[in-house]
Amino acid sequence: GAVILLALLATGLWLWVRTPAGAETMRDEGERACAVVGYEDQEIVYHSRKNDRMEIALSFDDGPHPRYTPEILSILAEYGVRATFFMVGENVGYYPDAATAVLEAGHEIGNHTFSHHRLRRMSAGEIREEILACEDAISSVAEYRPRFVRPPEGCMNDGLKQAAAELDYRIVLWDVDTLDWAHTPPATIARHILDEVEAGDI
């Protein structure tokens with residue numbers, strides 16, 4: 001984590017948290033598990049928009065975790081960087097202190113569904129329940145309601161768009177895949193990011 005963050009800071013890019021009022025849209029260009037094609041609705045799905053402000057968005061998925069979340073928070077605090085943590089509802093229930101620590105440190109929490117199942121084969125109603133269950137888990141440990149939802153592994157369908165619209169969520173994907181899910185060595189991840197990242201990326 002420190003290697004990646006140091007590499008990003010060395011590029012001169014600032015990292016920031018996207019907020020509902022100022023968030024740009026983001027595009028998933030990775031081939032991790034689900035190729036996201038045809039979801040260009042800028043009212044629902046965020047895609048990256050290049051800018052000249054030398055800013056990118058940093059996000060972390062699948063937490064909170066009792067070991068890794070504090071480590072990440074420590075590194076971010078050292079460099080004065082904020083990020084968005086897309087949390088799984090089940091994990092919030094297991095590690096509530098790690099979840100509240102994220103908010104106390106000034107970061108943003110996003111909805112990463114309750115059980116982290118792929119949403120592609122779920123109906124809009126089933127997806128809605130996943131989102132709401134995660135929302136309930138987060139609100140049970142903090143007076144906080146996420147405004148962003150990220151589908152596990154970037155898997156999308158029209159049901160997710162419908163559920164997100166009904167619940168007033170915006171879907172957030174990513175533009176640069178760190179490939180950490182493939183157990184990629186940190187130095188390789190850092191090099192990949194430096195080669196690919198541009199202002200406006202997530």
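A polar contact here is a pair of N or O atoms within 3.5 Å; within protein, one atom must be able to donate a hydrogen and the other to accept it, and residues adjacent in sequence count only if both atoms are side-chain atoms. Keep that one handy, since it comes back several times.

This is a predicted model, so local features need pLDDT of at least 70 and side-chain atom pairs count only at pLDDT 80 or more, while totals for chains, interfaces and linings use all residues. Residues are numbered from 1 along each chain as its sequence is written, and side-chain values use heavy atoms, with hydrogens and water left out.

**The whole chain**

Let's start with the big picture. The chain has seven helices and eight strands. Helices (H or I, at least four residues) and strands (E, at least two) are DSSP runs, numbered from the N terminus. Of the 202 residues, 49% are buried. Buried means under 20% relative accessible area, exposed means over 50%, and partly exposed is in between (1.4 Å probe, protein chains only).

The accessible surface is about 9,900 Å², and carbon and sulfur atoms own 50% of that. Such areas come from the Shrake-Rupley method with a 1.4 Å probe, and for residues only the protein chains shown count as cover. Next come contacts, meaning heavy atoms within 4.5 Å. Take the ones between residues at least 6 apart in sequence: 72% of them join residues at least 24 apart.

**D62 and H116**

D62 sits in strand β4, which covers residues 59-63. What does D62 touch, leaving aside its neighbours within four places in sequence? The list is F86, V88, N91, H112 and H116. F86 is 24 residues from D62 along the chain, yet their C-alpha atoms are separated by 6.4 Å. With H116, D62 makes a side-chain to side-chain polar contact of 2.9 Å.

H116 itself belongs to the loop between β6 and α5. This histidine has a positive phi of about 65 degrees although it is not a glycine. M54, in the loop between β2 (45-46) and β3 (55-57), is not a glycine either, and its phi is positive too, at about 55 degrees.

The peptide bond from G63 to P64 is cis, with omega near 0 degrees. P64 is in the loop between β4 and α2 (68-79), and H65 is found in the loop between β4 and α2 as well. A polar atom of the H65 side chain lies 3.0 Å from the backbone nitrogen of R67. Beyond its neighbours within four places in sequence, H65 is in contact with P70, Y95 and A98.

**H107**

H107 is in the loop between α4 (96-104) and β6 (108-111). Its side chain reaches the backbone nitrogen of A83 at 3.0 Å. Setting aside neighbours within four places in sequence, the residues in contact with H107 are L73, L76, V81, R82, A83, F85 and V102.

Here is how some of the residues compare.

| Residue | Relative accessible area | Class |
|---|---|---|
| D62 | 30% | partly exposed |
| H65 | 30% | partly exposed |
| M54 | 39% | partly exposed |
| H116 | 26% | partly exposed |
| A190 | 6% | buried |

**Helices α5 and α6**

Helix α5 (residues 124-141) packs with α6 at an angle of about 50 degrees, their axes 8 Å apart. That makes α5 oblique to α6. Axes are lines fitted to C-alpha atoms, for helices over the stretch in contact, and angles run from 0 to 180 degrees between N-to-C directions. Angles under 35 degrees count as roughly parallel, over 145 as roughly antiparallel, 65 to 115 as roughly perpendicular and the rest as oblique.

Which residues meet in this pair? From α5 come A124, I127, R128 and I131, and from α6 come G159, L160, Q162, A163 and E166. The buried residues of α6 (residues 158-166) are G159, L160, K161, A163 and A164. At the start of α6, a side-chain oxygen of N157 reaches to within 3.0 Å of the backbone nitrogen of G159. Just after α6, D168 takes a positive phi of about 60 degrees.
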